[in-house]
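Please prepare a briefing on the charged side chains of this protein, covering salt bridges, surface charge and annotated spans.

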Amino acid sequence: MSVRVRFAPSPTGALHIGGVRTALYNYLFAQKNEGKFIIRIEDTDQNRYVEGAEDYILKSLEWCGITPDEGPQTGGDFGPYRQSDRKSLYKEYADRLIAEGKAYYAFDTPEELDEMRERLKEARMANPQYNAISRNQMKNSLTMPAEEVEKRLASDEPYVIRFKMPKNDDVRFKDVVRDWVVVNTTTLDDKVLMKSDGMPTYHLANIVDDHLMEITHVIRGEEWLPSAPLHVLLYAAFGWEAPQFAHLPLLLKPDGNGKLSKRAADQLGFPVFPMNWSDPVTGELSKGFKESGYLPEACMNFLALLGWNPGTEQEMFTMDQLISEFSLERINKSGAKFDIEKAKWFNQQYLKNKSNDELAQMLKAESNIDADLKLLSAIAGSMKERITFVSDILENGEFFFSAPGTYDEKTVNKKWTAEAVKKLAEFANEIAKLEKVSPEEAKEKFVAVLATDDTPLGKVMPALRLALTGAGGGPDLMEIISILGTAETVSRINTAIESLKTSN
């Protein structure tokens, strides 16, 4: 059977970056094995459904470059791809388990369930739950005569369908990441498979859909590992072959102390969602990686290495390279620290690899700045080694667009000397003779002016930068002169000479 994997998010809010990594690993595995990557929307919990969340999830994956072969928008031979559209399927399978004595009807009220838990707590039960022991004292089809069960069903009395957990049985399955997992059923409860509103729980819908969609590998987060024994038992109860499981390690806070949450990310000042998310209830806007200036390819490269080790020192991977190198066997067991500084580093590297024209187009689109693309391209080329985000070109290169209104005080005090001013005036006179100037010509003129009386470069260069940019540091000064042009260069030098006092 060919590889078929799925990413099955619930539309209960924004897509966490950990969910993006899960989707990415599924996508990479499918592509590596020439299989199919499916998106299935698991919206059985209608109480937690959030308007707009599904659309947000799908658009986020599209921005990330994670494209499904089948899904609610793409279609496919195994649809529908929303569980709410598959509702009629699940009751049939729940009824089958009841008919075979592997599940049962439970008519307990919420109050009776609370009483049961309190009773077990008073009996000092370590884990009070509806299980193989406590079910014998509850209102269900295992403790009631068949006639009474039929009567309650006929009168539309609310009920749930629970899985009949085997007593004292070891559940064994091999996980690609965790190796062998063994859990005894005495620690497990009789999970609800069908809720009183007629909707299936995650457990039943997940198993039925994975089987019907012929899913071969279930690659999901570590938080689902406690549910895996139940899922293995459900596959066995239906007589189906279980897929191969791979439970991914958690994404941890940067200090490694606990799971990465939105609250922790907010406190540390970085996003945790792929795109901006506006909470439809509170109206709170959470900034995404996209709007924070991260490139999708940088994000995917960064995320891929959070939990997966390529086995080499290579860090930069295109999506095609990730597909070629990816394997489930190289996924780590331990959680991965979410180092936002490393994410920034990846963004820097990808921006450096962009052409100047590409950066110019991105800058124009992001800022709507009214400037010629040829000029923006030259500015981007000058700045690209110093930026983390495209927006840095404007923020750190403001001097390209307007003359400095202030000057770095420290540089003024140390470097704005009478000697420097004299040489700057001479340089301005030389530059003024040219209609335009290349970086090489600017350097040649500058060196020639200094050579007339052997003035050291370090005596004048900081003052020239100060006059042109207002700052004490920045990109290549001769490139700045070439981009500004001769008239603007001369104007800024003269303005600085007129407005600044020398230190000696």
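Does Arg 178 count as buried or exposed? At 17% relative accessibility, Arg 178 counts as buried, where buried means under 20% relative accessible area, exposed over 50% and partly exposed in between, with a 1.4 Å probe and protein chains only. This is a predicted model, in which local features need pLDDT of at least 70 and side-chain atom pairs count only at pLDDT 80 or more, whereas totals for chains, interfaces and linings use all residues. Residues are numbered from 1 along each chain as its sequence is written, and side-chain values use heavy atoms, with hydrogens and water left out.

**Salt bridges**

- The count comes to 33 salt bridges, a salt bridge being a side-chain nitrogen of Lys or Arg within 4 Å of a carboxyl oxygen of Asp or Glu.
- Arg 178 forms a salt bridge with Glu 222, with the closest N and O atoms 2.9 Å apart; the pair links distant parts of the chain, 44 residues apart, with Arg 178 in the loop between β5 (170-175) and β6 (179-184) and Glu 222 in the loop between β8 (217-221) and α7 (228-238).
- Helices (H or I, at least four residues) and strands (E, at least two) are DSSP runs, numbered from the N terminus.
- Glu 222 is partly exposed at 22% relative accessibility.
- Glu 54 and Arg 82 meet through their side chains in a salt bridge of 2.8 Å, N to O; because Glu 54 lies in helix α2 (residues 53-64) and Arg 82 in the loop between α2 and α3 (87-99), the pair ties together parts that are 28 residues apart in sequence.
- Within this pair, Glu 54 counts as buried at 13% relative accessibility, while Arg 82 is partly exposed with a relative accessible area of 26%.
- Lys 344 and Glu 341 form a salt bridge of 3.4 Å, N to O, and both lie in helix α11 (residues 340-352), 3 residues apart, about one turn of the helix.
- A network of salt bridges links Arg 6, Arg 40, Glu 42, Arg 86, Asp 209 and Asp 210.

**Annotated spans**

- The unreviewed UniProt entry annotates residues 359-497 as "domain: Aminoacyl-tRNA synthetase class I anticodon-binding", and such annotations may be inferred rather than shown by experiment.
- The span of residues 359-497 is 67% helix and 0% strand, with its end C-alpha atoms 34 Å apart.
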